[in-house]
Amino acid sequence: MMKKKIAILAVTAMLAGMLTGCSKNATYLSEITAKDYVTLGEYKGIEVTVEEPAVADEYVDAYIDYVLSQNAVSTDITDRPVEEGDVVNIDYAGYKDGVAFDGGTAQGQTLEIGSGRFIPGFEDGLIGANIGDEVSLELTFPENYTNEELAGAAVTFEVKINGISVVEVPELNDEYVQGLGIEGCSTAQEYRDYIYEIFYADAVSTYNRTLKSEITDAVLANCVFKEIPEKMVDRYYNVVTDSMSAAAVSYNMDLATYMQSYYGLDAESYPETFREEAKNMAQQYIMFQAIADVEDLNLTEEEIAQSMEEKAASYGYESVEQFKEETDTETFGEYLMAEKVMEFLIDNAVINTTTK
């Protein structure tokens, strides 16, 4: 699982590397002959099985319920006592044999009546109380309570009702949807379809990533590699490190803390993992280049120029020239080549799909 997580960095790292400028003392694909470093095995007709993209209705329902709950409105109640389903604000103190026990005292706590958060009898015992009332509850902790000192013990809780409120979750209807201001959504059904499409797009993205990964791994397994130029591995190592460092900064962390927190890798082990991934990336791109050479899939200057124009526009650059100045064009070309080869491999693969 950790290997899969780190392997996902490959595309992200290459995209990040495109925007770092040319690396000194680095080896690029254009400087080597790919077939000198890999003997290709079978790469056409690769058979893979991938779970087809799908989104369960229950998943959409759960998300919508969550969104509605996040927009719930709380209304203070002042003209009646506590009822089932109310949210109360309370102070309480618990006593065993007349002595307050640890963890049994709190002020200004909110509690939904009927939620089952407190021991049996506590919440029911507050029903009928009014704001300002002080309620004494004679209760018994369950025999299997986690705190052995309180398990099965008879206790007394002194509770004061500070406030009562009701939380109303909005209903998913046309009026609610129209208030969201989402273009193209004016009915509850259109909103459901909108949420479905978002999740389906994510499912398709996952499907495509998995498909590419499975095919790449299968083709790699059929290859025999010679020793990869160390300077090429160094370049990919720097790309991976820079990409992960940028991710760490986005979480306001240094790289070591980020890798420990999100990948369980300490400062001594993550450089080794980066190195392994860098070597894997180098092998992948050499393999892609070798296939591109055999199948005449190398990009023309016109194709690269057109892609640069498209990327410059999509990334918000003022001009193509500015994009070129800030882009490692060698890495950019490698990335485009790999994408073209990947499309070729997919078109020539045998893809089986499964459903959940």
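Entry 1. I began with helix α3 (residues 57–70) and helix α5 (residues 188–221), which in this predicted model pack at an angle of about 115°, with their axes 10 Å apart.

Entry 2. Which residues of α3 and α5 meet? On the α3 side I listed D57, Y59, V60, D61, Y63, I64 and V67, and on the α5 side Y191, R192, I195, Y196 and F199. Sorted by class, this contact of α3 with α5 comprises nine nonpolar and three charged residues, with no polar ones.

Entry 3. I then followed α5 to helix α11 (residues 329–347), where the two pack at an angle of about 85° and the axes are again given as 10 Å apart. That angle makes α5 roughly perpendicular to α11. From α5 the contact takes L211, K212, I215, T216 and V219, while α11 supplies E339, M342, L345 and I346. By class I recorded six nonpolar, one polar and two charged residues for the contact of α5 with α11.

Entry 4. Next I turned to the second largest pocket, for which I noted a volume of about 430 Å³. Its lining consists of 17 residues, and those that lie nearest the centre of the pocket are E51, P53, A54, A203 and K356. Which elements give two or more residues to this lining? They are β2 (47–51) and α5, and I noted that α5 gives the most, with six residues. By class, the lining of the second largest pocket has nine nonpolar, four polar and four charged residues.

Entry 5. Looking back over these entries, I find α5 in contact with α3, in contact with α11, and in the lining of the second largest pocket.

Definitions and conventions
Residues numbered from 1 in each chain as written. Predicted model: local features only at pLDDT ≥ 70, side-chain atom pairs only at ≥ 80, totals over all residues. Heavy atoms only, no water. Axes fitted to C-alpha atoms, helices over the stretch in contact; angles between N-to-C directions. Helix = DSSP H or I, 4+ residues; strand = E, 2+ residues; numbered from the N terminus. Contact = heavy atoms within 4.5 Å. Nonpolar A, V, L, I, M, F, W, Y, C, P; charged D, E, K, R; others polar. Parallel < 35°, antiparallel > 145°, perpendicular 65-115°, else oblique. 1 Å grid on protein atoms, 1.4 Å probe; cavity = no way out; pocket = protein on both sides within 12 Å on 5 of 7 lines; lining within 4 Å. Points joined across faces, edges and corners; volume = space filled by probe spheres on them.
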